[in-house]
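Please keep the sequence and the structure in view while reading.

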Amino acid sequence: MLPSEEAMTANPHPVFAAMRHAAAAHEIPIGPGVTGWMVTRYEEARRALADPRLAKSPTTAVMPPEMVKPGLSKHMLNSDAPEHTRLRKLVSMAFTPRRMEEFRPRVQAISDALIESLKGREVIDLIDDYAFPLPFQVICELIGVPMVDRDDFRAWSNLLLDQFAQGSPEAAAAATSMVDYVGKLVIRKRDEPDEALLSGLIAARDAGDKLDDDELTSLVFLLLVAGHETTVNLIGNAMYLLLSRPDQAKALRDDPAAIPAAVEEVLRFESPVKTATLRISVAPVEVGEVTIPPGQLVLISLLSANRDSSAFTQPDELDLTRSEGQHLAFGHGIHFCLGAPLARIEARIAIESLLSQFPQMTAEGDLASPQWRPGLLLRGLAHLPVNLGAH
């Protein structure tokens with residue numbers, strides 16, 4: 001049994017350590033009147049992420065109603081092979097690592113503009129003023145979403161993700177608003193195509209196959225939400241860790257070439273996603289010494305797996321030069337994050353830009369008591385007040 005939501009939000013790592021020590025999987029409450037299983041050890045998590053007996057598509061039958069609208073739920077994260085293979089193939093035509101790399105200069109330009117807007121200010125919220133607008137503007141430009149709707153979309157996204165598996169009238173209303181918004185956007189892009197990703201998705205064909213309207217709106221929802229929420233957390237977590245360790249921040253400032261390795265260690269140490277999205281067992285699944293029966297909801301804790309001492313030496317130490325092991329922050333198997341290349345580019349640019357432009361940056365307030373976002377899915381800061389120092 002998990003402790004209170006407050007304890008799991010403030011510092012889940014000791015809890016996960018105790019769970020890993022006791023067993024590879026535990027039955028836990030995951031919502032009002034709903035129980036499931038959580039996988040916490042690295043090897044078992046890695047296998048579970050790729051195990052076809054832990055399926056995606058049946059989970060919509062037990063998810064909160066606001067999350068299973070056809071315009072939100074018909075995407076890759078809710079599908080299994082062969083449907084997943086079909087959807088991912090169509091998406092990959094317009095969302096390739098090469099295209100993400102070609103977008104790097106635009107990511108840098110967006111970062112530069114945000115940095116410039118911060119100069120002359122003393123105290124800012126690093127989440128609201130930089131970590132959020134950078135990836136959000138990037139994904140909006142990449143997909144072709146007008147930036148004028150940024151604040152509304154952020155509010156809808158926060159409601160859906162922070163209250164995932166809880167259900168609420170507010171989340172249901174946010175889901176309806178999001179479906180309506182994305183549906184209208186698809187219609188507009190179909191009539192007036194451009195060079196952005198959404199127009200490419202509308203035009204994508206594979207031997208006569210194409211995405212239907214619900215698949216298009218679901219996919220845009222997935223790309224918009226996953227394309228910024230996790231990267232907001234990654235940037236915020238990275239800067240929180242560096243502000244807590246000025247010597248390591250200085251080392252990166254002096255040697256920017258070390259930043260890519262540092263990003264990977266941040267992904268491992270404070271993974272921006274706590275748990276992979278829901279799966280359901282369609283057959284008995286052996287997880288270490290535990291057998292999960294059929295018909296059970298299963299969560300796989302990426303945050304816990306990435307702190308497993310069987311996979312990483314001194315896992316509770318932040319080592320920005322670490323080269324061992326392969327973290328699971330982006331998942332594993334057929335659902336490995338399609339946006340991982342873009343997230344890495346954004347995080348590397350963000351860290352280098354902030355460290356170089358604001359070398360005197362310090363935390364404004366007590367870093368020992370950060371305000372973490374609630375919920376089972378995400379691990380990120382709600383706010384990170386900083387003093388930019390002289391510049």
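The sections below treat the basis of the report, then a helix, a cavity and a pocket.

## Basis of the report

The model is predicted; local features need pLDDT of at least 70, side-chain atom pairs count only at pLDDT 80 or more, and totals for chains, interfaces and linings use all residues. Residues are numbered from 1 along each chain as its sequence is written, and side-chain values use heavy atoms, without hydrogens and water.

## Helix H7

Helix H7 spans residues 104-118 and has 15 residues; helices (H or I, at least four residues) and strands (E, at least two) are DSSP runs numbered from the N terminus. From its first C-alpha to its last, H7 reaches 21 Å, close to the 21 Å expected at 1.5 Å a residue; the expected span is 1.5 Å times one less than the number of residues.

Val107, Ile110, Ser111, Leu114, Ile115 and Leu118 of H7 are buried (under 20% relative accessible area with a 1.4 Å probe, protein chains only; exposed means over 50%). They lie on the same side of H7 because they cover an arc of only 135° around the axis, taken from the directions from the helix axis to the C-beta atoms. Pro105 and Glu116, on the other side of H7, are exposed. The buried residues of H7 pack against strand S4 (123-125) and helices H8 (126-131), H9 (133-143) and H17 (340-357), where contact means heavy atoms within 4.5 Å. Just after H7, Gly120 takes a positive phi of about 95°.

## The second largest cavity

A search of the whole structure finds two cavities of 30 Å³ or more. On a 1 Å grid over the protein atoms alone, a cavity is a set of points where a 1.4 Å probe fits but cannot get out, a pocket is an open set with protein on both sides within 12 Å along at least five of seven lines, and lining residues have an atom within 4 Å of a point. A volume is the space filled by probe spheres set on the points, which are joined across faces, edges and corners.

The second largest cavity has a volume of about 40 Å³. Its lining consists of Lys74, His75, Met76, Leu87, Val91, Leu211, Glu215 and Leu219.

Of its 15 lining residues, Leu243, Pro246, Ala249, Arg253 and Met361 lie nearest its centre. Two or more lining residues come from each of H13, helix H14 (246-254), H17 and strand S9 (362-363). H14 gives the most, with four residues.
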